[in-house]
Amino acid sequence: MFVILEKELRAYFASLYTYIYYALFFLVTGVYFVARCLNISSTEFGYGVLSRAFVVMVFFIPLCTMRLFAQEHKQRTDQMLFTAPVSSGSILMGKTLATVLVVFVPVVVSTIYPIVMARYGTISVSFVAASYLATIFVGLFLIFLGIFVSALCPNGILAIVITYAIYGVLVLFRVIEASISESFVRRWISELSVYDKYNNMISGIIRVKDIIFLCLFSVLFLMLTWLVLRIRLVGMKRNTVWFAATVIVFVIGILGNTQIYRMYDCTAEHVVTLSEETKQYVASIDTPTTIYYLGEENRANVTYRELLNAYKKCNHNISVVYKNVSEDAQFRQTYLSSLSGVNEASLVVASQERFVCLDSINYVSESYITEYATKTLLNIESQITSAIYYVNTEDKEKMIVLDGSGESQLPDQFRNFLLLNNYEEKCVSLEEEKDVLQNVFLDDYKVVLINGPQSDYSEEAIDELRNYLERGGNIIVTIDPLYEELPNLYQFLEEYGMSVQSGIIVEQTPNMYILDTPYYIVPQVKKTSYTKNCVKEKKRVYAMTSKGIRCVDTKNGYETTELLKTSTEAFAKVDDFENISKKGENDVMASFGIGAVSQKEGKGSVVLVSTNMFLNDEVDVEAGGANRLFFLDILNELTGETNGIMIDRKEIGTQMANYPIESKKMVQCIVMVVIPLIWIMLGVVRMIFRYRPVGNRGELANVSETEQKNNNR
């Protein structure tokens with residue numbers, strides 16, 4: 001075998017096209033590395049770069065495999081090969097191993113890229129490893145397939161044409177799969193699709209059955225090639241048993257492989273791995289719940305499919321159905337009639353009593369961290385789990401949201417979050433609907449939300465709020481920190497021990513503000529029943545621009561407790577805003593409250609947060625969901641319920657790097673020009689030395705005619 005291996009390696013590296021393959025591989029790698037990594041400060045090498053270079057490998061493999069047997073047969077050199085004192089198995093293994101080594105040399109060398117990138121940023125080792133596994137296993141499959149075709153064909157050109165044709169069919173499997181409506185047939189086509197398996201692995205989804213499938217077919221092609229060689233030597237009769245055994249073992253392996261469901265999540269942020277909170281809650285569901293995916297299964301994103309499968313595995317009461325909405329009028333009438341439109345990949349989560357639609361446009365959200373940088377979050381697990389909670393909960397909690405005085409509307413994602421956590425809102429205007437709070441049943445509406453009003457309330461409206469509070473109702477107030485003309489509302493809050501300070505709060509303690517902006521406040525979360533989950537999970541609320549609250553312990557029988565608090569180095573900025581980070585003469589230094597609650601036994605409670613910005617989606621994203629959790633804790637405490645389930649959203653796109661700016665141009669030149677040129681030059685030099693003159697007569701080296709023909713291929 002080693003003699004054959006050495007002979008084949010010499011032949012490969014004596015041919016210019018091997019060096020052209022290496023040059024093209026590293027040219028494509030370099031171009032995409034610059035475009036997909038260097039220029040956008042990313043480290044997603046596997047999906048963004050290696051998958052493109054893999055195309056060069058696929059194109060090159062048939063050029064390698066055609067010469068192993070088909071070209072030998074055409075030139076009649078196979079007779080000399082098979083009459084040599086070497087077994088057919090050794091011949092096959094030597095040629096195969098040589099081809100594998102030559103094909104995968106640039107793949108191994110390319111590992112230098114992610115190793116270097118890891119020095120400058122965050123790189124997911126598992127995600128890159130999944131890309132290399134996809135390249136290796138699918139590459140081996142294609143090599144063994146090409147060798148088998150080469151053993152069957154009488155000449156190299158025919159072997160190349162047939163091999164490329166088979167590769168084309170493998171790619172077309174994806175198109176064929178999409179065009180078939182029968183689910184059973186489509187499922188088996190998907191099981192046999194090499195394209196799907198490569199796409200799964202390159203996306204970070206490593207399924208054991210995909211690996212076994214590729215290994216089984218690779219071994220099958222290798223065994224069939226060996227049988228073809230033996231048949232040429234000793235005839236078919238003496239190999240019938242071997243052939244039958246190979247086919248039987250392969251069929252058993254394929255059938256058994258379809259029952260294997262083990263999957264490894266190698267995605268960069270483990271996006272298809274459910275959180276422990278989700279697993280525990282979903283496992284407790286005891287009523288049948290269906291998750292409808294609006295779209296064809298074969299067109300669904302592989303990460304979404306595996307995520308839905310993870311839900312299904314948690315509980316036998318959870319089922320997943322892929323629904324072609326255009327072909328099911330009854331489904332549209334039942335679940336989608338109230339919607340003006342629906343996007344593909346949206347979900348409908350339904351139980352026996354309730355259903356809710358999750359729009360795919362909200363699966364991913366972005367928020368600006370700075371003026372030039374954004375953070376991307378994957379919300380799909382949080383939404384699905386909340387939807388399952390919603391459809392399996394019988395009674396809703398209702399909340400009155402005041403409007404009519406310029407109050408800020410709740411952001412869409414925040415409103416959707418409250419709905420999925422079983423809180424329903426009703427908008428009313430105190431100025432237009434007189435006595436509205438006196439007429440509501442407290443059992444139905446336990447909370448009133450006043451969110452950043454832009455005009456003051458009348459005395460009659462304030463009296464209505466007082467009466468509602470005395471009856472046992474609860475009020476949550478947020479205020480616009482840049483608007484101060486609310487004397488009646490501020491007087492109302494002061495009656496319950498909470499005085500709103502003029503100006504905005506500026507922090508001087510570095511860990512109490514963010515983004516190098518001293519008025520973007522990150523207050524200390526005090527340990528109370530209103531903040532228990534934030535404290536338990538060590539979350540920090542981002543209040544951003546805020547006013548200060550001066551609290552007294554007791555007033556009018558109401559006890560005041562601070563929920564969010566600044567440091568003692570904070571001050572209220574009331575003038576000279578051009579020098580906002582410096583304390584002015586009229587500025588007041590103290591430890592202020594940012595959030596507080598005033599409560600009295602037998603009466604209602606007033607919760608005050610001195611900024612309405614903390615409800616903004618962008619601020620909540622930056623806080624990692626802490627603001628939503630804080631608000632949900634307050635609602636649950638005021639209503640006496642334990643509504644809601646809070647699942648952290650997963651940050652995606654974290655594979656970033658800070659490459660040195662001064663060396664970028666040099667790196668671009670090296671990876672796109674120098675490295676490919678080096679391989680071309682090595683090939684040219686090898687060809688020059690191959691045909692160098694011998695002695696003083698300038699004769700060519702004494703190479704046998706057979707070896708010349710082999711080397712010139």
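**Rings and their surroundings**

Modeller: Count rings of Phe, Tyr and Trp (its six-membered ring) as a pair if their centres lie within 6.5 Å, and you get 33 aromatic pairs. One of them is Tyr292 with Phe331, an edge-to-face pair with 4.9 Å between the centres and 65° between the planes (planes under 30 degrees apart count as stacked, over 60 as edge-to-face and the rest as tilted). This pair links distant parts of the chain: Tyr292 is in strand 3, Phe331 is in helix 16 (residues 329-336), and 39 residues separate them. Helices (H or I, at least four residues) and strands (E, at least two) are DSSP runs, numbered from the N terminus. Both Tyr292 and Phe331 are buried, where buried means under 20% relative accessible area, exposed over 50%, and partly exposed in between (1.4 Å probe, protein chains only).

Another edge-to-face pair is Phe414 with Phe631, at 5.4 Å centre to centre and 70° between the planes. Since Phe414 lies in helix 18 (residues 412-420) and Phe631 in helix 23 (residues 626-639), this pair ties together parts that are 217 residues apart in sequence. Here too, Phe414 and Phe631 are buried.

A quick word on where all this comes from. This is a predicted model, so to speak with conditions attached: local features need pLDDT of at least 70, side-chain atom pairs count only at pLDDT 80 or more, and totals for chains, interfaces and linings use all residues. Residues are numbered from 1 along each chain as its sequence is written, and side-chain values use heavy atoms, with hydrogens and water left out.

Back to the rings. Phe13, Tyr17, Tyr19, Tyr21, Tyr22, Phe25, Phe26, Phe60 and Trp679 form one aromatic cluster. Rings can have a charge over them as well, which needs NZ of Lys or CZ of Arg within 6 Å of the ring centre and within 35 degrees of the ring normal. Arg628 sits this way over the face of Phe417, at 4.8 Å from the ring centre. Lys197 does it over Phe213, at 4.4 Å from the ring centre.

Now go back to strand 3 (residues 289-294), which holds Thr290. Thr290 counts as buried because its relative accessibility is 17%. Its side chain makes a polar contact of 3.3 Å with that of Ser319; that term means a pair of N or O atoms within 3.5 Å, where within protein one must be able to donate a hydrogen and the other to accept it, and residues adjacent in sequence count only if both atoms are side-chain atoms. Leaving aside neighbours within four places in sequence, Thr290 is in contact (heavy atoms within 4.5 Å) with Ser319, Val321, Val348, Val349 and Ala350.

Ala345 is in the loop between helix 16 and strand 5 (347-350). Ala345 has a positive phi of about 80°, although it is not a glycine. With a relative accessible area of 11%, Ala345 is buried.

His270 also has a positive phi, about 50°, without being a glycine. You'll find His270 in the loop between strand 2 (263-265) and helix 14 (276-283). At 39% relative accessibility, His270 counts as partly exposed.
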